[in-house]
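I opened my notebook to look up a few things in a protein model. Here are my entries, in the order I made them.

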Amino acid sequence: MPMIDPSARVADGARLADDVEVGPFCTVGPNVEIGAGTRLISHVAITGHTVIGERNTIHPFASLGTPPQSTHYRGGPTRLVVGSDNDIREGVTMNTGTEDDHGLTRVGSHCFFMVGSHVGHDCVVGDHVTFANNAVLGGHVQVGSYVVFGGQAAVRQFVRIGDFAMIVGLSGVRADVIPFGLVHGQSAELIGLNVVGMKRRGLSKADIHKVHRGFEALFFGAGTFRERLDLVAADLGDDPLIGQIVGFIRAGTRPLTMGVKRAALRAAT
């Protein structure tokens, strides 16, 4: 049987695995499902049509599954699905989706959400993503895996963030960020590559240099950006890392965060 503190409120209809722990003053709604090994420390609110996976730890005053903060939401049974092995710290908020998208907000596994971070409606967040304090996503944002957000970073709606990207703290991201990109600034600019993150994930020095070569050719070569993209695809596109960047750019339908001239020097360090 789940271990439910006497002060907690678990609604009829909620589905909790046998070893779930629900701490003091938590509330769990009737359409919530919580997987094995998940712990609600205290004062956690989970509502809406929400599925929480296994072995998550959810800290006080987190609020998951509340309605989307969208004037277009019409009260439908949209959903939030959270994966497994996540650490969700104090005051984190995650909203369900809206009827005008797929009706689903999805968060992956092995993520770390620090104090006050927010996942807006209809977002898709990959695995092994880190949100530092007060990092926030607007609606419909897509985040790849192994992405890191610094403190108080903010991403506007509909933006895509590629795998292994790093968003420096206090950055305001308005356009798509390539895989492995390093982005910084109030009006965020692409200042280089997330070399530290690449090393931490075991990429070889040769692979990192190859990505540098593709990055510099894309953003600082001759010709238009479209011409440079085609050239990089032809010369380096068979490499899986370069191919990932090229594929990400070609799949986009919205603006791309572009490189700035000082990036060539920073990327080489």
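**Entry 1: D176**

I began with D176, which lies in the loop between β26 and β27 (181-184). Helices (H or I, at least four residues) and strands (E, at least two) are DSSP runs, numbered from the N terminus. The model is predicted, so I noted that local features need pLDDT of at least 70 and side-chain atom pairs count only at pLDDT 80 or more, while totals for chains, interfaces and linings use all residues. Residues are numbered from 1 along each chain as its sequence is written, and side-chain values use heavy atoms, with hydrogens and water left out.

Is D176 buried or exposed? D176 is buried, with a relative accessible area of 2%. I wrote down the cut-offs: buried means under 20% relative accessible area, exposed over 50%, and partly exposed in between (1.4 Å probe, protein chains only).

Which residues does D176 touch, leaving aside neighbours within four places in sequence? I found F158, V159, R160, F248, G252, R254, P255, L256 and T257 in contact with D176; contact means heavy atoms within 4.5 Å. For R160 I looked at the atoms too: its backbone nitrogen lies 2.9 Å from a polar atom of the D176 side chain.

**Entry 2: the span from the record**

I checked UniProt next, and its unreviewed entry places the feature "domain: UDP N-acetylglucosamine O-acyltransferase C-terminal" at residues 176-255. Such positions are given in the numbering used here, feature names are shortened, and annotations may be inferred rather than shown by experiment. In the model, the end C-alpha atoms of residues 176-255 lie 6 Å apart, and the span is 57% helix and 11% strand.

I then looked at helix α2 (residues 205-220). At 1.5 Å a residue, its 16 residues should span 22 Å, and its end C-alpha atoms are 22 Å apart, which agrees. The expected span is 1.5 Å times one less than the number of residues. The buried residues of α2 are I208, V211, H212, G214, F215, L218 and F219.

Two strands pair if DSSP finds at least two bridges between them.

I walked along part of this sheet:
- β8 (residues 45-46) and β11 (residues 63-66) are joined by two bridges, and A45 has S63 as its bridge partner.
- β11 and β14 pair over three bridges, and L64 has M94 as its bridge partner.
- β14 (residues 93-95) and β17 (residues 118-119) are joined by two bridges, and M94 stands opposite V119.

A sheet of eight strands came next, also open and parallel, in the order β3-β6-β9-β12-β15-β18-β21-β24. Its edges are β3 (15-16) and β24 (160-161), each with a single partner strand, so one side of each is left without a neighbour in the sheet. Two bridges join β15 (residues 104-107) to β18 (residues 124-125), and V107 has V125 as its bridge partner.

**Entry 3: cysteines**

How many disulfides does a search of the whole structure find? It finds zero, where a disulfide is a pair of cysteine sulfur atoms within 2.5 Å. The sulfur of C123 is 12 Å from the closest cysteine sulfur, in C111, which is too far for a bond. C123 is buried, at 0% relative accessible area, and C26 is buried at 1%.

Notes. A polar contact is a pair of N or O atoms within 3.5 Å; within protein, one must be able to donate a hydrogen and the other to accept it, and residues adjacent in sequence count only if both atoms are side-chain atoms.
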